[in-house]
Amino acid sequence: MPYGSISKVGSKFRVCFDYGKDETDKRIRKYKTYDTKREAELQIARHSVSMEDGTAITPRVMTLKEWLTYWLENMYAVRSAETSVYAYRNMMENHILPVLGNIKLQKLKPMHIQKYYSVLMSEKELSPNTVIKHHDLLNTALKAAVKQEYLSRNPLEGVERPRKIIHKVNIYNPKQLQKLLVEVKGNRLGTAVNLGAYLGLRREEICGLKWGDIDFDAKILTICRAMTQVGGEIVVKDTKTNASQRKLYIPDGLLTALQEESGLQAENKKQFGEGWQGKGFVVVWEDGRSYRPNYISELFTKFLKQNGLPKIVLHELRHTFASISNEAGVQEFNIGKAMGHANVGTTKKIYTHLFDDKHTAAVNAVANLIDGKKGE
């Protein structure tokens, strides 16, 4: 017997799939539209066979909260970084679920979501860029619901995504960068700032660097891990993309700073004896403990203010590196290799773990300007 029916809607054919009755004796139905009658008949025949042999999956009515919780734990978490899962869970618990969580998944409409965005920006005073993150979470989760056949259509298709605000990036010119490195010499931030200035490393790469990653004789530094924060917990993980795993040439100024830090840590290790807590990381407290990545950023902001230097954030040393490389005439491709970009421009993707000398021009261009050299 057929479990369902077909009706013509305009030029298309709508199939009502019948799954029998639920525990309250209410009929369970699911609807889907096809372009041709032949395809509609084929799908209802397949459904009837699956109902007869017991392999059909009965659609379950669930709330958005139930679906998002299932999706986060069983679909998103298994393929995403712990930091990303933590951020999404907080976004859901603090914002999305209190407002939209009790709406039935199949009853969720574009107007519900659009109004939610308006509330976030007007009442919660969240920026459009932050609301875009909510949009991306919902879009990914609801696309998965369509794939899993809990929804026939993603309601986000009818929602206007907030327009992203492009914030001005602050960077240092070569003279300002030189002054920063003079002022930071001997400060506990010195090594982190030098790594950011000379190589354009990300904060998580600076924190994740170990002495075993540095070949002082060959003057090569390997980026292969990152250190981040998940709430109050420090997490060490692989770098974010294949392109992020890279080997970099160490210019002389940075080499000297790293050698000095290595010597200082050796002295500290002797002084602390059994109290030494080092695990081989380069950027650490006097007793070898790693800094919280967020705390390094806080220290950097305070340091600039105390020394009367222009305000930038630590990550903008990375932008400064890119800017100076560009001004020095280094090609975008080579800048991207030095910085570990997964994408160069908007289309070019780089996937490599092997060291080559293509990035050396970018590193040397910045190093020469920092060290006051010309024409080298």
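Reader: Why is Thr-256 called partly exposed?

Author: The relative accessibility of Thr-256 is 39%. Buried means under 20% relative accessible area and exposed over 50%, with partly exposed in between (1.4 Å probe, protein chains only). Thr-256 therefore counts as partly exposed. The residue is found in helix H9, residues 252-272. Its C-alpha atom is separated by 9.9 Å from that of Phe-216, 40 residues apart along the chain.

Reader: What kind of model is this, and what limits apply?

Author: The model is predicted: local features need pLDDT of at least 70, side-chain atom pairs count only at pLDDT 80 or more, and totals for chains, interfaces and linings use all residues. Residues are numbered from 1 along each chain as its sequence is written, and side-chain values use heavy atoms, leaving out hydrogens and water.

Reader: How do you know that the span of helix H10 agrees with its number of residues?

Author: Helices (H or I, at least four residues) and strands (E, at least two) are DSSP runs, numbered from the N terminus. The expected span of a helix is 1.5 Å times one less than its number of residues. H10 (residues 293-306) has 14 residues and should span 20 Å; its end C-alpha atoms are 20 Å apart, so the two agree. Helix H11 (residues 316-327), with 12 residues, reaches 16 Å, close to the 16 Å expected.

Reader: Which residues of H10 are buried, and what do they pack against?

Author: Pro-293, Tyr-295, Ile-296, Leu-299, Phe-300, Phe-303 and Leu-304 are the buried residues of H10. They pack against several elements, including helix H6 (174-184), strand E6 (225-230) and H11, where contact means heavy atoms within 4.5 Å. The buried residues of H11 include Leu-317, Phe-321 and Ile-324. Just after H10, Gly-308 takes a positive phi of about 65°.

Reader: What makes H4 roughly antiparallel to H5?

Author: Two packed helices are described by the angle between their axes and the distance between the axes. The axes of helix H4 (residues 110-122) and helix H5 (residues 128-147) come within 10 Å and cross at roughly 155°. That angle makes H4 roughly antiparallel to H5. Angles under 35 degrees count as roughly parallel, over 145 as roughly antiparallel, 65 to 115 as roughly perpendicular and the rest as oblique. Axes are lines fitted to C-alpha atoms, for helices over the stretch in contact, and angles run from 0 to 180 degrees between N-to-C directions. Among the residues that meet are Tyr-116 and Leu-120 in H4, and Val-131 and Leu-138 in H5.

Reader: Why do E1 and E3 count as edges of their sheet?

Author: The open sheet has 3 strands in the order E1-E2-E3, with antiparallel pairing. Strand E1 (4-9) and strand E3 (27-34) each have a single partner strand, so one side of each is left without a neighbour in the sheet. Neighbouring strands here are turned by 20° against each other on average, direction ignored.

Reader: How do you know that E1 and E2 pair?

Author: Two strands pair if DSSP finds at least two bridges between them. E1 and strand E2 (residues 12-21) are joined by 6 bridges. Lys-8 stands opposite Phe-13 in E2. Helix H1 (residues 37-53) packs on the sheet, touching E1, E2 and E3.

Reader: What joins strand E4 to strand E5?

Author: 2 bridges join E4 (residues 214-215) to E5 (residues 220-223), and the strands run antiparallel. Asp-215 stands opposite Ile-220 in E5. In this hairpin, with 4 residues between the strands, Lys-219 takes a positive phi near 60°. E5 also pairs with strand E8 (residues 246-249) over 4 bridges, and the bridge partner of Ile-220 in E8 is Tyr-249.
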